[in-house]
Amino acid sequence: MAGLVWVMVGIALWHFTIFVPDHFWSGIVGAFLGAVVGSFVFGFLIHGLTVPGQNDTGLLNAVEAIPGAVLGMAVVYWIGLRQERLHPAV
Amino acid sequence: MSERRRSLFVLLLVLGLIAGSVFAVSSRDTKLGLDLQGGVQLIYEGKPTAQQPQVTQEALQRSLDIMRERVDAFGVAEPELLLSGGNQIEVNLPGVEDAERAAQQVGSTAQLFFYDWEANILDEDCQTNPDENAAEKRPLTGFYRAVQAAAKCEPQSDRNNNAADAPRFYAFNETSKQPLNNGQPSESRQAALTDLSDEERANAEVVEVPEGILVVRDEKPDADAPDPDRFWIAEDNPALSGTDIKNPEQNFDQQGGGEPIVTFDFTDKGREAFQNITRRIAQRGQDNALPGTNPAAGSQHFAIVLDNELVSAPTINYVEYPDGIDSTTGAQISGSFTISSAQDLAKILEIGALPIRLELISRSQVSASLGAQALDQGVLAGAVGFLIVALFLIVFYRVLGVIAVLAMGIYGLYFYALVELIPIVLTLPGIAGLILTLGVAADANIVIFERVKEELRAGRSVGQAISAGYKKGLTAIADANVVTFLVAFILFILATAGVKGFALTLGVGVILSLFTAVLATQAMLYAMRGTALLRSRAALGARDSKPIRFDFIGRSRWFFSMSGVILLICAIALAVQGLNFGIDFEGGTRITAPLERQASVEEVRDAIGINNAEIQTVDGEELGENVVQISAEELAPNQVDEVENALQREFGLADNASTESIGASFGQSVADNAIKAIIASLIIISIYITLRFQWKFAVPVLIALAHDLLITGGVYALLGREVTASTVAALLTILGFSLYDTIVVFDRVRENIPRMPNAAFSQIYNRSMSEVIIRSLATSFCAGLPILALMLFGGETLQDFAFALLVGTLSGTYSSVFIAGPVLTHWKEREPVYRARESRIRGQFGGVVPAYAVATAGAPVDVAPSESRRRRERLTTPPDPTRGVSSDEFEEMVRDLGVEEEKPSAPEPAGARSAGDRPAGGRRARSRAAKAGDSGDKPKKPPNRRHGRPR
């Protein structure tokens, strides 16, 4: 259940990337992947490579997905910027 | 074939099928499912036994055949037995009222063994003492104690083992010592834990009973007594088995007071073995008899054990049978039988034992009254759904709407005929599927009718508009219906029983609705062309109206933000409250009982004595006013009986109670199948969208679907609504519905991309959305109407289903317009071609991209679409004589021929001038403009072949 919560928070935060200039690797879809993967991997790591079940899921699980999602999107953004610098659009 | 002939042929076909359908409907009976007519449903999971260490398909099929023979022998009308879910067998027994007896009749393994009892009984030190009479021994009280005692014994690895020729593992609750898995053994420690819930597993203790050691439940004192909590420990050295007997029959004991018994004959081998074993028992009895003792008291015992339960242990009188019993005239099993249990045992023995053990993982019993009520509610919801959809179509599309309603009526008739011809067992979820397909059928008509209206507004005649509407609308309808059909197919393959019925009707309905909503309505309209009815545009609901000019992409950031906030709320609700999984997933027992006298929840709780049970009163016209529903952890059959007896005693039962018991392992398989179905649907949908559109169109579709599913899940968490197997079916249907909308939108985007070679992608999307927004809203509204009918009139099961659909449909409409489209736009705009267009447009319009494409000098907004489809036609295909030119097309021609340039032109925008002397527009437009400039006054051949074609 916590896995679902992490992913949901990641996708929720991804919606706000529309306000950020589109320098993400693969654009808005890349940002989506970054948010989903980032939130899940971060949650998974801080829980010692386990995913808490329905009874062990709480508000904290929703909160802990935020840094993961932001980190994931930041990584995708950084890759995008780097690619733009290496291969500037004609 | 000419259009007129084709229409005539289709109309004749429709009429012929109507006649056939009426005949089929009037001559056949509808097969109703258990939920609509009452009955018992049993779902078994195959478990390995020592004799059959693996549950193979062959073993399951043999078990199914044996079970079918048993059901036939018990005389159940129209039973349904089928293999499902890999290792499950589903048994549907309409009209049967006693679920426990049915389970006993159908699913008992029926492994019968005969033992020399004194020679096999073990004491607490695991020792046999054949010289000690069994009457002087006492069985152990408590199953846990007995299994623990058996676990201490050394394995008896001799060749005689049969019922226990491998170690067996029993699971218990570590604290309460209560048996888990209904006290049934498993073949390994791991298997003993597999079917337990997480909570049970955490507190489970598994005890191993070695090979060759049996734990046998003691004999019942009388037929009506509950199963005794006393057990014998014995060695597994049977003298005979069920295969050594023949011709078992229920009879009455002529010597012992006329009690019901089972008589049988032995096979030749069995007769000899029986004589030998009874001789040995008699001789041992004689050897151990003290002088002067009564032979009846000193004689030793011969035990008959069926499925590890002692049926009876008669004495072999050593005075009467010193040389054993000659069984040429047969033998008998006497025990604690009622007439019916003796009859059942005789039949089961006659048919034979099952090759594998079957564990009952789900048992439901629906009373006939509850079934009748469900049927009434389903029919009412269907009728209301039909009426409101019909009303909507007639109000909005006038004559076209009447034709669509006629087609819906024909669709209903065809569907009913198919239900009876195939035959499809009509269940409550199946009725839901049928009602939903009414929405699908109406959606197809809406897509076409909106297209017809567009053509009328563009200046075509009614006849031409109808012709063009069907041609252009068909692609979107075909794509959307194929996707819905694929989802239904996946549901049918992967889902559990109830959901399968829904998937079948949805799939059949989608195909059928394509025929009635597209072909039949087209034929009817073609036949009516030129009549007074179709002459007026107003009669078709096509009033002149201004197109909607909303900046969908510009405003999308606010809609994105709204979605983000909604999803955050849903995620928090999911984290804090979690999902309220029903017994379909968690396992448990639900009893719905109509009481004669009114009772409060607390009174019912006190009466049944289950403290953690969830009790609520429910409404039910057919069942009466005092209906209570009790939900609790999984109860054993005898516990269900105790609850029913308590209710009968305290409040009186107005009718049979309906019960549903679902094991945790069944719930797990429902959940697993749901996840598989969702993943498979998403994969298939992605592949289809990629093939029909582009792979870049598939990704936004998946994101929009994830959005819809998560929001629906979040709303369930937020409201604490119960998640059932129906909810899963609804979630999967949402995939189909959400896609319908998205495909309608994307189809227009696909159509507009080649039409607008100079526009930015955001402009193409805005234009496409403005063209289809009414259509999109109308299809969603129309799909929502039958769902609303289900919610208002469908009863408890259908309401639950409809709620998920309603949330999903709303979310699906929203996500198609404001999530899928903008994601596609943002993604496509990264492509070099659209990036170049955008930068050119920004240059022309002072750094901004107008929401809608604006025609600039030398570069029209629209060009004629590609002719590739036309080229695939036969060379000999004659030109369509009915085809005319719409006013829009005429303007296009004028623009393409350069006539427009001779008009006094508007001042060139500053942006365009600042871009240099280069003419505005794309590469091809600039090339055209350059050629026109080079040629001076020389007339040029129009570049578009279509416009040069004689009409």
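The paragraphs below lead through a predicted model, starting with one chain, moving to the contact between two chains, and ending inside the other chain. Residues are numbered from 1 along each chain as its sequence is written, while chains are lettered from A and ligands numbered from 1 in the order in which they are written. Because the model is predicted, local features need pLDDT of at least 70 and side-chain atom pairs count only at pLDDT 80 or more, whereas totals for chains, interfaces and linings use all residues.

Chain A holds 3 helices and 0 strands, where helices (H or I, at least four residues) and strands (E, at least two) are DSSP runs numbered from the N terminus. Read from the N terminus on, its elements therefore follow the order α-α-α. Of the 90 residues in chain A, 44% are buried, a word used for a residue with 20 or more other C-beta atoms within 10 Å of its own, C-beta atoms being placed from the backbone. Among the contacts in chain A with a separation of 6 or more, 84% join residues 24 or more positions apart; two residues are in contact if their C-beta atoms, placed from the backbone, lie within 7 Å.

Where chain A touches chain B, the contact takes 25 residues from chain A and 26 residues from chain B. On the side of chain A, the elements that give two or more residues are helix 1 (2-14), helix 2 (27-46) and helix 3 (59-86), and helix 1 of chain A gives the most, with 7 residues.

Within chain B, the axes of helix 14 (residues 462-494) and helix 20 (residues 664-692) come within 9 Å and cross at roughly 155 degrees, the axes being lines fitted to C-alpha atoms over the stretch in contact, with angles that run from 0 to 180 degrees between N-to-C directions. That crossing makes helix 14 of chain B roughly antiparallel to helix 20 of chain B, since angles over 145 degrees count as roughly antiparallel. Among the residues that make this contact are Leu486(B) and Ile490(B) of helix 14 and Ala680(B) and Ile684(B) of helix 20.

Gln377(B) counts as buried because it has 23 C-beta neighbours inside 10 Å. Leaving aside its neighbours within four places in sequence, Gln377(B) is in contact with Phe793(B), Gly794(B), Gly795(B) and Leu798(B). Although Gln377(B) and Gly794(B) are 417 residues apart along the chain, their C-alpha atoms are separated by 5.0 Å.

Terms used:
Parallel < 35°, antiparallel > 145°, perpendicular 65-115°, else oblique. Buried ≥ 20, exposed ≤ 12 C-beta atoms within 10 Å, placed from the backbone.
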